[in-house]
Amino acid sequence: RVCGAFAVHARTTVTFPAAQSTTIHGGDIGVSPGTEITGSYTFEGGGSVADATTSETFAAAVLLEHASAMEARSDGVAITEIGGLTLTPGTYRSGAVISIAAGTVTLDGQNQENPVFLFQ
């Protein structure tokens, strides 16, 4: 799968709240082509901050495999704040930043073997 070991990956910046630590369960964090990861976070069940090469490879794979499919989809939900929400597999779009400041985000894969959550 394209997502590999990433729990969170962004194009420019990953920002976690500074006042409250975010727990990343069993996955890596990466940014490419950006380089900034800010705020407070811990890893549980494995995971690390991916090096630049791993992040760049991941970003290139996403562009190659998903760019045209993501642009073609019209069923995406426009959203900016996802904190406190439970989301099901699908495409979630934002014209700017997607924020997780208002609480925990639950990604409910609905018992699918490989659920896909796309955040644009």
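**Exercise 1.** Is Q110 buried, partly exposed or exposed, and why?

*Solution.* Before we start: this is a predicted model, where local features need pLDDT of at least 70, side-chain atom pairs count only at pLDDT 80 or more, and totals for chains, interfaces and linings use all residues. Residues are numbered from 1 along each chain as its sequence is written, and side-chain values use heavy atoms, leaving out hydrogens and water.

Step 1: get the cut-offs. Buried means under 20% relative accessible area, exposed over 50%, and partly exposed in between (1.4 Å probe, protein chains only).

Step 2: apply them. Q110 has 45% relative accessibility, so it counts as partly exposed.

Step 3: check the backbone. Q110 isn't a glycine, yet its phi is positive, near 50°.

**Exercise 2.** Work out where N111 sits and how exposed it is.

*Solution.* Step 1: find the place. N111 is in the loop between β10 and β11; strands here are DSSP runs (E, at least two residues), numbered from the N terminus. Q110 lies in that loop too, with β10 spanning 106-107 and β11 spanning 117-119.

Step 1: read the accessibility. N111 reaches 85%, so it counts as exposed.

Step 2: look at phi. N111 has a positive value of about 60° without being a glycine.

Definitions and conventions. Helix = DSSP H or I, 4+ residues; strand = E, 2+ residues; numbered from the N terminus.
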